[in-house]
Amino acid sequence: MMDAAKKLTPQEFRTMQLLELDLLIEFDRVCRKHGIKYCITCGTLLGAVRHKGYIPWDDDSDIAMLREEYEKFRAVADEMDASVCYFQDHYNDPEYLWQYGKLRRTGTSFVRAGQEHMKGKTGVFVDIFVLDDCPKSVLGMELQDLWCFFLRKILYSRVGKVNETGMKKAIYSLLSVIPVKWVYGRVEKMASRSNNSTPNRVRTLLFPTFGKLYMKNAHPAKIRYGMPKSWFLDRAEYDFEGHKLYGTKNYDAFLKYVYNDYMTLPPKEKRFPHAPVSSFNFNVQSKSVDREKVK
């Protein structure tokens, strides 16, 4: 059963955001050093455009990278300052059950409500979404989306079989018998077709497509399942909490694709965090937190 979620105080919430900022700054340093292209994305890009930093109620940070860039980063991830953060994916943490990677803040803990039984490393995090090629045809994209949905549910079954009840619990219990290694083998086969030079649209394979997740299928099928690759190759710098981070140059098209009327604030009842937490520890030194304290 899911443990009760804890409500962070405003100070704790802001501390969490600033610890995530530590990760973004260190990640940006390594990527600039090696000429690796990344983009802040989703709510992090929206925050940069609308707030010049975090959306006040946003509890996570998001980065997107095309497959070629992601693999370049994986090869040099150990150059990040280990006292600040480390990179986590299913290759270096066998208990990690997501297809995309994360940066984790060294010395912290952050356990999502409902994931207390999972054995992977925890900590304040930033998601790194890896973007792979979609098929060129609408039918191909639809079939890929269905296949990815199935694979995603196999990974999630390790959570679902604990948290769900009734028929869902039974289904997830059956799916959890399928080895995680088999799922990643299927993903690697799809990802092997991806590179920066193809004209295909792109998506994070085992994550709901942004064109469906937020806009509720408002987009026509030919663009619903993936985004133009150019959004992640043509970049600009954005002010974010007093630092310069890269995002897509065509921010208006991207944010309209994901959120539609992105400059209008949501009603107050919809201004809430995405990741309920059951336990946490933010007691680490942070230049970002210390700087905020002396303002």
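Select Lys 52 to begin, the residue that follows helix α2 and has a positive phi, near 60°; helices here are DSSP runs of H or I with at least four residues, numbered from the N terminus. This is a predicted model, in which local features need pLDDT of at least 70 and side-chain atom pairs count only at pLDDT 80 or more, while totals for chains, interfaces and linings use all residues. Residues are numbered from 1 along each chain as its sequence is written, and side-chain values use heavy atoms, with hydrogens and water left out.

Step back to α2 itself, residues 42-51, where 9 of the 10 residues are buried, that is, under 20% relative accessible area with a 1.4 Å probe and protein chains only. Among them are Cys 42, Leu 45, Leu 46, Val 49 and Arg 50.

Next, select α4 (residues 138-163) together with α5 (residues 166-175), which pack at an angle of about 115° with axes 8 Å apart; the axes are lines fitted to C-alpha atoms over the stretch in contact, and angles run from 0 to 180 degrees between N-to-C directions. The contact (heavy atoms within 4.5 Å) includes Phe 150, Ile 154 and Tyr 156 of α4, and Tyr 172 and Leu 175 of α5.

Finally, show Asp 22, Val 84, Arg 105, Ser 286 and Lys 287, which of 15 lining residues are the closest to the centre of the second largest pocket. A pocket is an open set of points on a 1 Å grid over the protein atoms alone, where a 1.4 Å probe fits, with protein on both sides within 12 Å along at least five of seven lines, and lining residues have an atom within 4 Å of a point. Helix α10 gives the largest share of this lining, 4 residues.

Conventions. Helices (H or I, at least four residues) and strands (E, at least two) are DSSP runs, numbered from the N terminus. Buried means under 20% relative accessible area, exposed over 50%, partly exposed in between (1.4 Å probe, protein chains only).
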